[in-house]
Amino acid sequence: MSFEKKVTIAHLSDLHFAGRNDRYLMEKLDVMLGEFVRRGYDHLVMTGDLIDTAVPAHWTIIRDALSRHGLFDWTKTTVIPGNHDLIDLEEEMRIYNALNPDDRSRQRRVDERLRQFNDIFRPLISGDGEETAGVPFVKVMHFGQIALSFVAVNTVDPWSGSENPVGARGSVSRETLRALMEPGVRQALDDTFIIGLCHHAYKVYGTGALVDQAFDWTMEFKNRDEYLNVMKNLGVKLVLHGHFHRFQVYQAGGIEFINGGSFRYFPERYGELTIEAEGRWSHRFVNLAIKR
Ligand SMILES: [Fe+2]
Ligand SMILES: [Fe+2]
C-alpha cells in the first residue's frame, strides 16, 4: 500500500465468464490482474456480471483468479453482482407458468443466489468476518491520509415475462434506499471520499428511434432518480457501474457516472481512478499495451 497522497483504483465490469472452460477469458484476466499488481493499484472494483451463467459455483473462478494474484482481500478488491450473476434466463423460462404469472419464487431465486454470492465474496465485503455481511454494504477504507468509502447496492430485479423479459431491467429496493438514509450511514461516511457502486446504468444511450427505445426499456434502471437522490444526500462524488457494455463517463444531477464497459468484449481496457487529498480526483480509460 502506498503512503503517497493519492489512491488509485482499477475498475473492471461485465466479465461474463462462461464457466471453468472459458480459457480465453481466464488468460486475459490473469494478464490484467498481473498488470494491476505490477502497476501498484491500491484497489480493484468489479461492478457485476462477473459470470454469464448464474451458476454460483462459477464465482469461484473469479475468487480463485483474485487469490492467485493476492487480490482476494478486503483492502484490495470490492465486487458486486449483476443480472447475469443472479438470473438464469433458461431456468426462468422452464419454470414460467402462464397461468401463474405472479409467481413469487422468481424473487426467491434472486435472493438465494445473492445469499450464495455473499457467502463466496464475504471476505471482500466485511473486513472482520461479520457473518451476516452482504450486498448492499458500505465499506470504509483508509489509505495513508485518504479515507475512501464505497456504497454498494444490488440493482438486480427478478425476471418477469411482462416486466423484465430479458432479466436486464433493474432497481434498488425501497428497503435498501431507506437503510442508506439512516443517520448512522452518513456518520460512517463522514470525511471520506464516497463512491457509489451499482451494476445498472443510470443512462442507457438511445437514439430516440423506436427500436432503440424498446432496447433501452429492457435494460433500464427503473428507479434511477430515487437512487441518484439518495447518492446525492450521502455526498457521493461518483458512481462506478457496468451493465451497458460501453466505456463511458457522464454526469447526472451533479454526480459523475463511470461505465466500466465490458471486460469480456474489451479485455485490454479498464478504468483508472485516481483520488487525491481534498476530494480531487481524475479518471481515464487505459489500454494495456503488452508485448508478447
Ligand atoms: Fe453485462
Ligand atoms: Fe448486466
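**From a hairpin to a helix**

Begin by selecting Val140, which stands opposite Ser149 in strand E5; bear in mind throughout that this is a predicted model. Now widen the selection to residues 137-143, which form strand E4, and to residues 146-152, which form E5, and you will see the two strands paired in the antiparallel sense over seven bridges. Two residues lie between the strands of this hairpin, and if you select Gly144 there you will find a positive phi near 55°.

To see one place where they face each other, select Leu148, which stands opposite Phe193 in E6.

Now turn to helix H9, residues 224-234, and colour Arg224, Tyr227, Leu228, Val230 and Met231, which are buried. Why do these residues lie on the same side of H9? The reason is that they cover an arc of only 165° around the axis. As a general rule, an α-helix has 3.6 residues a turn, so residues three or four places apart point the same way.

With those residues still coloured, show what they pack against: helix H6 (174-180), the strand E6 that you have already visited, and strands E7 (238-241), E8 (247-252) and E9 (255-260). Finish at Gly235, which follows H9 and has a positive phi, near 85°.

Notes: Residues are numbered from 1 along each chain as its sequence is written. Chains are lettered from A and ligands numbered from 1 in the order in which they are written. This is a predicted model: local features need pLDDT of at least 70, side-chain atom pairs count only at pLDDT 80 or more; totals for chains, interfaces and linings use all residues. Two strands pair if DSSP finds at least two bridges between them. Helices (H or I, at least four residues) and strands (E, at least two) are DSSP runs, numbered from the N terminus. A residue is buried if 20 or more other C-beta atoms lie within 10 Å of its own, exposed if 12 or fewer, and partly exposed in between; C-beta atoms are placed from the backbone. The arc is that of the directions from the helix axis to the C-beta atoms. Two residues are in contact if their C-beta atoms, placed from the backbone, lie within 7 Å.
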